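Open the model in your viewer and keep the selection tool at hand. We will go stop by stop.

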Amino acid sequence: MSQVITKGNIPHVELWANYSPITPSTKEYQTDKRFVKMTANNTFVCMGKTDEKGEVVLHLDRKSLPQGIFFRPTLSDGKNNIEYIDMNKILRNSTDEYQMRQFRLRMYTEK
């Protein structure tokens with residue numbers, strides 16, 4: 001399954017897969033320091049980073065999908081807002097084009 005996850009003006013957004021059966025609370029990844037501590041666990045995997053256009057293509061196996069995906073901006077002057085989206089929500093909101101699903105997420109940075 002291929003996905004274009006982000007498109008826009010925020011390059012260098014890391015995408016982290018959550019393979020843990022537990023959905024983390026917002027407090028656990030609210031700050032970048034807490035996020036780094038949380039992802040030290042081997043149930044979180046960095047899947048890639050958006051390019052200069054803010055796009056990334058992922059190749060996921062339908063039989064072993066993560067529970068959700070974290071979107072972590074790494075190049076912002078302001079506060080980093082890390083977003084987490086459950087995989088079920090991504091699949092519900094994605095468009096189906098032959099065997100490819102596409103999902104777009106709009107993100108903003110605060111300056």
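The tour goes from the whole chain to the sheet, then to one residue and the cores.

**Before you start.** This is a predicted model, in which local features need pLDDT of at least 70 and side-chain atom pairs count only at pLDDT 80 or more, while totals for chains, interfaces and linings use all residues. Residues are numbered from 1 along each chain as its sequence is written, and side-chain values use heavy atoms, with hydrogens and water left out.

**Stop 1: the whole chain.** Show the protein chain as a cartoon. It has three helices and eight strands. Both are DSSP runs numbered from the N terminus: helices are H or I with at least four residues, strands E with at least two. Along the sequence the pattern reads β-β-α-α-β-β-β-β-α-β-β. The chain has 111 residues, and 41% of them count as buried (under 20% relative accessible area, 1.4 Å probe, protein chains only).

**Stop 2: the open sheet.** Select β3, β2, β5 and β6. These four strands form an open sheet in the order β3-β2-β5-β6, with antiparallel pairing. Strands pair if DSSP finds at least two bridges between them. Now look at the edges. β3 (44–49) and β6 (83–86) each have a single partner strand, so one side of each is left without a neighbour in the sheet.

**Stop 3: β2 beside β3.** Select residues 13–18, which are strand β2. This strand pairs with β3 in the antiparallel sense over five bridges. Find Trp-16: it stands opposite Cys-46 in β3.

**Stop 4: Ile-69.** Move to strand β5, residues 68–73, and pick Ile-69. Is Ile-69 buried or exposed? It counts as buried, because its relative accessibility is 0%.

**Stop 5: the cores.** Select Ile-10, Val-13, Leu-15, Val-56, Leu-58, Leu-60, Ile-69, Phe-71, Ile-85, Met-87 and Ile-90. These 11 residues make the largest nonpolar core. Such a core is a set of buried Ala, Val, Leu, Ile, Met, Phe, Trp, Tyr and Cys residues joined through side-chain atoms within 4.5 Å. β2, β5 and α3 (87–93) are the elements that give two or more residues to this core. Apart from it lies another core, of eight residues, including Trp-16, Phe-44, Phe-70 and Tyr-84.

Key: Buried means under 20% relative accessible area, exposed over 50%, partly exposed in between (1.4 Å probe, protein chains only).
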